[in-house]
Amino acid sequence: MAGTDTGRPSGLPLVGRAAELARVGTLLEQVGQGSGRVLLLGGPAGIGKSRLVDEILAVAARRGFVTLSGGARVLGQGLAYAPLLEALGPYLAGLEPGRRVRLVDGLPDLGRLFAELHLPPAPVLGDSALERTRLFEAVARLLGRLAKQAPVVLAVDDLHWADAATVELLHYIARGIGTQRLLVVGAYRTDELSDAVALQLLVRDLRRAGPAEEVELAGLAREAIRSLAGAMLGGDPPGALVETLMARASGSPLMVTALVDELAASGGVVRSGGAWVLGPRALDLVPTVVRDLVVGRLGRLADEERAVLELVALAGDAALAPVLADVLDMDAGFLLARLRALSGVGLVSETVPGRHVMYRTSHPAYAEVAYSELGEAARRRLHAKVAAALERHRPGDTASLAAHYRGAGDHVDAERALQVLLSAGERALEVQAGSEAARYLKAARSHAETLGDHLRTAAILERIGEAEQSGGRADAVVAAWEAARDAYQRLDDRGGVARACRQLAFALWERGEVDRAWTVLAEGLAAIAPEAPGATLITSGVELIRLREARAQMLARLDELDAVEAEADELSALGARHGLPRVRAYANLCRAYGQRHRGDYEPARHACVDALATAERIGDLMLTDHAYRHLTALELTLGRHAQACSLAQTTLRLVRTTGVPTLEIPPLGFLWQAHFLAGDWDEAEQVAEALLSLGHRVGSSRGIVAGLTVRAFLLTHRGNPAGAAGCLAEARARFGERLRADRHIFSLMDTVESMVAIECDDPARALAIAEGHATSWQIYGPFQLAMLGEVQVAASRPDAALATAGQITRLDPSAPYLAALAARLTGLVAYRRGDHASARRELSRAAEGFDELAMPFEVARCRMEWARAAATEHPDEAVAAARDCLTAFAALDARRFADGARSLLRDLGVRPAAARRRGTPAGGLSRREAEVVRLVAEGLSNAEIARRLVISPRTVTTHLQHVYARLGISSRAALVRYAVEHELLSQQPADSTDT
């Protein structure tokens with residue numbers, strides 16, 4: 001096709017046009033039965049008209065239609081009949097000569113269009129109108145002859161660029177279409193219809209005459225955008241990308257494809273951990289194909305209309321009629337007439353957000369291109385004029401004023417600009433709009449420097465650091481805090497240097513620069529040492545405390561337990577000296593860290609609870625966050641996953657109020673483990689994806705490594721060691737050894753790497769990893785120690801595994817989770833040594849313990865190991881246990897373990913059913929969500945569904961809430977109808993067994 005609507009890579013599916021294609025199917029049936037029809041496809045540029053025309057032609061061809069297609073071009077508007085020449089010429093040229101002669105016989109006027117037909121000269125009538133009528137009749141008769149042989153589709157794209165003669169010829173054909181087996185399809189841009197007079201007449205007349213169907217294409221809905229982006233990427237697009245496309249593309253397929261291309265090329269969306277995630281760099285520029293399209297439209301505007309459109313694009317929320325008229329020095333009536341004209345061609349729209357009418361460009365791309373085409377000097381002058389007009393009309397509208405004071409640069413009064421920009425920046429920080437706050441504050445810094453106000457400049461730099469942190473831009477955070485530190489050093493402000501060094505150290509650590517973080521932290525401590533020049537009681541007190549807390553936190557990440565406790569003693573002394581209960585509470589949390597690792601769980605719990613009470617009493621969010629983190633880790637250590645999940649979710653809600661995205665990393669790290677233990681593996685995978693996406697979005701090396709490691713852990717358990725190894729390799733390739741010292745991150749990576757080695761039948765390598773990092777594997781407590789013991793069993797080190805089991809038990813002999821973990825290890829060792837009776841006893845005890853803790857995966861694993869030990873002496877019980885295990889593993893999609901259960905059943909003489917790959921459910925539902933919907937349709941209650949799927953009732957409720965939101969329904973009855981319509985009732989669980 002000649003159209004330019006799609007700009008798409010070849011092979012992309014048509015999405016979001018099911019209703020239109022259904023209508024086309026009906027029209028094709030009518031045409032096939034001898035009822036000629038016309039289909040007019042309208043819509044703005046980039047909405048997908050050309051793509052739909054392509055699909056119509058493909059559908060028609062599959063039904064045996066002759067398909068003829070051509071299109072007008074913006075540079076060919078003066079070429080008479082060019083679209084029809086393109087449609088008919090190649091078809092006629094490709095016919096067998098004899099057939100071509102018969103087809104055009106008696107139609108000499110066709111020679112006016114197609115010289116290669118070698119027809120006799122058409123008679124000269126001396127009347128141009130009559131000659132044109134004869135030509136029209138010849139083309140109509142040609143199409144009629146074709147339609148007698150086979151039904152025909154004649155498609156003409158971009159009719160808004162077609163010459164008047166082409167439009168008139170189509171009109172002639174359409175009016176006489178009658179009983180011919182002919183479908184005429186015409187596509188045009190509704191936003192350029194005002195300049196195409198002949199096309200307007202065609203559309204208007206066909207509406208009255210009746211043979212035409214009109215379809216105006218709307219923008220794509222969310223699911224269609226998701227599908228299109230997924231097809232381009234070759235995988236599920238991240239949710240954040242879909243949101244970006246929703247905001248930027250306004251449903252335009254052209255914009256969606258162009259934006260995805262641009263994001264992929266610029267690193268805005270990257271492949272990580274085997275999936276796509278949104279990267280840290282937002283797309284700042286409009287893709288070239290879209291820019292060219294918009295610039296073409298702007299170039300056809302009259303000067304006054306273009307000036308109005310450019311001002312509307314620049315003014316934003318200040319685009320009110322009085323402000324626009326003031327800036328342009330334009331009569332109000334003349335301005336409104338220009339706005340109506342722009343609205344008529346689809347470039348400007350009206351909104352009424354309050355008492356006043358506001359004007360906006362009809363598509364974000366129009367504003368972006370119009371703004372960028374102005375040039376920087378012109379933009380600054382216009383921003384200054386808008387700011388002045390706002391000061392006259394709406395002086396209290398700080399939000400609108402700030403945008404224009406920021407854009408005006410040095411064209412405005414520096415002091416007034418500084419006041420407005422600081423106010424706007426602070427307001428943006430209050431609502432956690434970090435990127436917006438950073439833009440305002442950076443402009444404020446420029447004005448403060450112009451005024452020579454070094455003190456305010458330093459303070460603004462601190463706020464910029466906080467804003468960039470809230471916006472999640474790691475490199476910008478580091479740059480801001482470095483600049484703040486340097487500014488305070490020039491002012492000899494020791495407290496400011498300490499504050500900036502503390503924040504800079506954390507920012508460097510998140511970026512993976514651990515050694516440099518320690519250097520900067522030491523620099524901050526040196527600045528406020530009692531002997532340092534200019535040190536005061538305040539700087540050596542409050543700032544010293546904060547630096548000591550930072551040091552304790554970093555030491556904990558290094559697993560330096562003794563050093564952490566020494567810092568706790570220092571903090572306790574400082575807290576007592578200054579009478580600060582918050583500091584004593586933080587010191588107790590530091591001690592709780594070591595207590596938890598030693599198994600002193602009750603003292604650790606008391607310290608956490610006391611710290612939480614102190615934090616809530618004094619309203620300290622950061623102390624509350626730390627207390628919740630320690631409590632969550634403690635609950636996970638003891639296997640209380642439901643309590644841990646609740647605490648992690650509470651922590652997430654809390655830290656999101658701070659506007660610092662990196663604070664979300666620890667609770668997400670706890671949440672995946674809680675979901676894993678609860679058997680909610682799909683939820684655990686979603687958390688891993690969120691963790692990985694967050695790390696990329698905010699440029700946090702710790703977050704990316706953590707997300708990749710968690711994903712590798714889950715992939716290993718689901719039978720994909722190659723995918724897991726890929727995640728680990730990516731983590732190391734991205735960050736090398738920069739984060740190696742951070743044991744919180746890398747100890748789990750070592751664990752997973754050892755698990756992958758076992759899966760790849762390399763126990764020697766697994767053991768080498770285990771022995772090399774055995775002490776650091778205690779960071780995640782019994783959970784991780786149990787994995788260490790499992791590696792030791794697989795590597796034929798039973799004595800070491802028993803020692804690990806004893807180590808777990810000694811942490812707290814009364815803790816059910818620890819007892820179950822130790823019993824399982826003991827049972828595995830007994831089985832390896834041939835003592836099957838002891839193995840059955842210990843594994844049975846472990847399974848009962850895990851069952852009481854509602855850990856379905858651990859129960860199934862112990863039951864399968866018990867079945868192996870019982871295979872000889874109790875074969876019937878072993879078969880029953882293996883079947884139960886296969887069902888449980890299938891529900892978890894734990895493919896590796898399900899394969900093990902099938903293998904065991906075959907060894908026991910039972911033929912298990914072949915594994916069936918799970919299909920992709922309708923409506924974008926996850927597999928687990930589709931299964932919940934199926935069980936609802938079968939009449940099960942939430943509690944019954946929870947028991948069937950071996951998940952918690954709370955998780956069932958969460959699934960249903962997500963399903964209702966995603967499908968746009970609000971009742972159980974509607975959900976049942978959905979399940980029936982999408983044949984979910986016919987879908988059985990992924991696995992079963994046959995006897």
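**Contacts, rings and loops in a predicted model**

User: What relative accessible area does Asp 600 have?

Analyst: This is a predicted model, in which local features need pLDDT of at least 70 and side-chain atom pairs count only at pLDDT 80 or more, while totals for chains, interfaces and linings use all residues. Residues are numbered from 1 along each chain as its sequence is written, and side-chain values use heavy atoms, with hydrogens and water left out. Buried stands for under 20% relative accessible area, exposed for over 50% and partly exposed for what lies in between (1.4 Å probe, protein chains only). Asp 600 falls in the partly exposed class, its relative accessible area being 34%.

User: Which residue forms a salt bridge with Asp 600?

Analyst: Side chains of opposite charge can pair when their charged atoms come close. A salt bridge is counted when a side-chain nitrogen of Lys or Arg is within 4 Å of a carboxyl oxygen of Asp or Glu. For Asp 600 the closest N and O atoms are 3.6 Å apart, and the partner, which is partly exposed at 43% relative accessibility, is Arg 598.

User: How many residues apart in sequence are the parts tied together by Glu 168 and Arg 132?

Analyst: The side chains of Glu 168 and Arg 132 meet in a salt bridge, with N to O at 2.8 Å. Helices (H or I, at least four residues) and strands (E, at least two) are DSSP runs, numbered from the N terminus. Glu 168 lies in helix 6 (residues 164-175) and Arg 132 in helix 5 (residues 128-149), so the separation in sequence of the parts that the pair ties together is 36 residues.

User: Which helix holds the Glu 482 that forms a salt bridge with Arg 516?

Analyst: Arg 516, partly exposed at 32% relative accessibility, has its closest N and O atoms 2.1 Å from those of Glu 482 in a salt bridge. Both residues belong to a network of salt bridges that also links Asp 475, Arg 511 and Glu 513. Arg 516 lies in helix 23 (residues 514-527), and the pair ties together parts that are 34 residues apart in sequence, because Glu 482 lies in helix 21 (residues 474-491).

User: Why is the pair of Trp 672 and Phe 676 given its class, and which class is that?

Analyst: Rings of Phe, Tyr and Trp (its six-membered ring) pair if their centres lie within 6.5 Å, and planes under 30 degrees apart count as stacked, over 60 as edge-to-face and the rest as tilted. The structure holds 16 aromatic pairs; in this one the centres are 6.3 Å apart and the planes stand at 55°, so the pair is tilted.

User: Are Trp 672 and Phe 676 buried or exposed?

Analyst: The two residues are four apart in helix 30 (residues 665-678), which means they are separated by about one helical turn. Ring pairs also link both into a cluster whose members include Trp 681 and Phe 713. Trp 672 has a relative accessible area of 2% and Phe 676 has a relative accessibility of 2%, and each of them counts as buried.

User: Where is Tyr 81 placed?

Analyst: Tyr 81 has a positive phi of about 60° although it is not a glycine. At 11% relative accessibility, Tyr 81 counts as buried. Its place is in the loop between strand 2 (66-71) and helix 3 (82-93).
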